[in-house]
Amino acid sequence: MAMEKSIELINKRIREGNARVVTAEEMPGVVAELGEEGAFAEVDVVTTGTFGAMCSTGAFLNFGHSDPPIRMSQVFLNDVEAYGGVAAVDAYIGATQQSTTRGMEYGGAHVLEDFVAGKRVELRALSPGTDCYPRRELTTELILDDLNQAIMVNPRNAYQRYNAATNSTDRTLLTYMGMLLPSFGNITYSGAGVLSPISNDPSFHVIGSGVPIFLAGAPGMIIGEGTQHSPGKGFGTLMVTADMKEMSQEYLRAATMTGYGVTMYIGVGVPLPVIDLGVVRSTAVRDEDIRVNVIDYGIPSRDRPALREVSYADLKSGSIEIRGEVVKTSSLSSYRRARGVALELKRWVESGKMTLSLPTRRIDATKLVRPMRETARVPRVQDIMDRNIYSVSDGDELKEAAKRLLKGDTNHLVVLDKEGKLVGIITTYDLSKAIARPGRAKKVRDIMTTRVITTNPDEHVDIVARKLEHYNVSALPVVDPDEKVLGMLTAIDLGKLFGGRWLK
Amino acid sequence: MKLLVTFSRRKGYEPIIAKAVKETGVLIRVDRAHIDSSGGEVLIDVPEESCRLVSEKMGSLGATVKILEHPVVRDEDECVDCGACISICPREVFTFDGEWRLAMEVEKCVLCGKCIDACPHDALSQQVPG
Ligand code: SF4
Ligand code: SF4
């Protein structure tokens, strides 16, 4: 028996209503039971699905011409700015753009959802006016049906998998991975694991340009690779499109990540034709096989350290161990709705509503994403720190500390132990307090702050500025990896560099 | 049962909670309290059978007492069953059922408010008593 099935045969079965369709969640069981060849004979199509936050979502809208006509240069929909630099009455509204009046509470994603829900949306447009387009201002209320086109084009959806997030610092972080509690208080993750479209075809054998998909309830299509596509490391993405007029609010939900911003939850599913054993093998993937790292978002740099590797099965179990402690996990994406997408797609194929196609153009399965090439040198702590070290030792008398503050003309002294390691910090304020309220404090160690927030010579100035702000301190000792003090960075140093931009 | 006790300090200061504990003999657990110079709002937890006794006592001491049957409520139309609320709740109020649907055990809630902030879909809110 030939271990190949043509797409024509599969489509013939779909049209006749007797194609055999399973979801990617069911497929591992089918393969385990029937073997690869048995599963190949039994299954024609495997449907996948994912439903989660996909910031890189938006739509091209065409409003039609007004009378007198306008060439819109600035476009606002419910006070959310859309990009108007595409012809006279076209605009692209991106999901993450925030309202000029309501901030994070309402954004492009909400405009898209309101349109799909059939609500009225206010369009406000401005123009300098031209001979052919004399009008300078326009305000009107529109519903989705009033638009000529509302075509969703999402530059990056359906991430193959996504690293999980946690937080080592002592404060809550508000991120695009949700709320991360202090001291590894929780772990958040995203992605559907076993149902994820690309995880079921990581070599892009049947996923490619022109392939029909489910997008937010509408029949859509894969355009090609998504932005930031990095399948060489297992992080492929897709650029996708569909008509908003066919979408359903059930699979399109605006959201706000508290303290971070607006995003769109969207359902995407790809039906995979079982044309050969390769497809059988790749769709037999299980949650256990799809592995991601747990990343510490407490480290404010692009290359955040991985704490450990886990599988989607581990993440879905509700808790995992990090450094000997059991930490609760929770998803940001909805597995329930991902299942809904795969099941809906299964119904579409079974009922003949959607037939399949092979890629008209292949997607590169080896590509790797590159970091940004930065041509301007980024200022670092070492460029602006004060290299003079004003220090006392923890056993010194307070009087000695006062003398050194005066001598150094500074407000901060680092406190060093006998080995020269940083053990504390004292400020003019600490000292004045001790003198104004004489008590038992005699030595530096009695009044110093021992939990010292520090920086290092390589740290980016933007990160230092955030540290000063968050901890409400005015100076940070600069230390090397052995806690040896190299200098001091103060808010004044930052202020000098940026002409006050960093000071509130 | 959760009781939301509000009182003002206009009529002179009365240690309402201490008095209620002393005079009813019921052990009251304070889940959350916000008290300033003009008055306060305190969320307490009392055994169901003593609910009536405690609220009458506090009422007679000049406080307004409301029973909170569903401390945190979920708008099922907005909720997408993502589960973002699960790991941030200190009391394990949220879990998934076998169908990956969000389940809640509201009686464990101490109204810390974390889940209300964390829900990306604005689906959780605090019941406005009244
Ligand atoms: S975080 Fe909000 S939307 Fe997500 S499961 Fe909890 S209540 Fe539902
Ligand atoms: S308010 Fe706090 S305790 Fe109550 S459910 Fe939400 S997170 Fe849990």
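**Domains, ligands and rings**

Tutor: Chain A is divided into domain 1 (7-49 + 154-350), domain 2 (64-147) and domain 3 (381-498), with bounds that come from an automatic or database domain assignment. This is a predicted model, in which local features need pLDDT of at least 70 and side-chain atom pairs count only at pLDDT 80 or more, while totals for chains, interfaces and linings use all residues. Residues are numbered from 1 along each chain as its sequence is written, chains are lettered from A and ligands numbered from 1 in the order in which they are written, and side-chain values use heavy atoms, with hydrogens and water left out.

Student: What distance separates the centres of domain 1 of chain A and domain 3 of chain A?

Tutor: The centres are taken over C-alpha atoms. Between domain 1 of chain A and domain 3 of chain A, the separation of these centres is 48 Å.

Student: How many residues of domain 2 of chain B are in contact with domain 1 of chain B?

Tutor: In chain B, domain 1 covers 2-68 and domain 2 covers 72-126, and their centres, over C-alpha atoms, are 27 Å apart. Contact means heavy atoms within 4.5 Å. On that basis six residues of domain 1 of chain B meet residues of domain 2 of chain B, and the number on the domain 2 side is seven.

Student: Which residues are closest to ligand 2?

Tutor: Ligand 2 is surrounded by 13 residues, where being near requires a heavy atom within 4 Å. By class, this shell has two charged residues, one polar and ten nonpolar. The closest are Cys89(B), Cys109(B), Cys112(B), Gly113(B) and Cys115(B).

Student: Over which ring does the charged end of Arg161(A) sit?

Tutor: A charge sits over a ring if NZ of Lys or CZ of Arg is within 6 Å of the ring centre and within 35 degrees of the ring normal. Arg337(A) lies over the face of Phe51(A), at 5.7 Å from the ring centre. For Arg161(A), at 4.1 Å from the centre, the ring is that of Phe235(A).

Terms used: Nonpolar A, V, L, I, M, F, W, Y, C, P; charged D, E, K, R; others polar.
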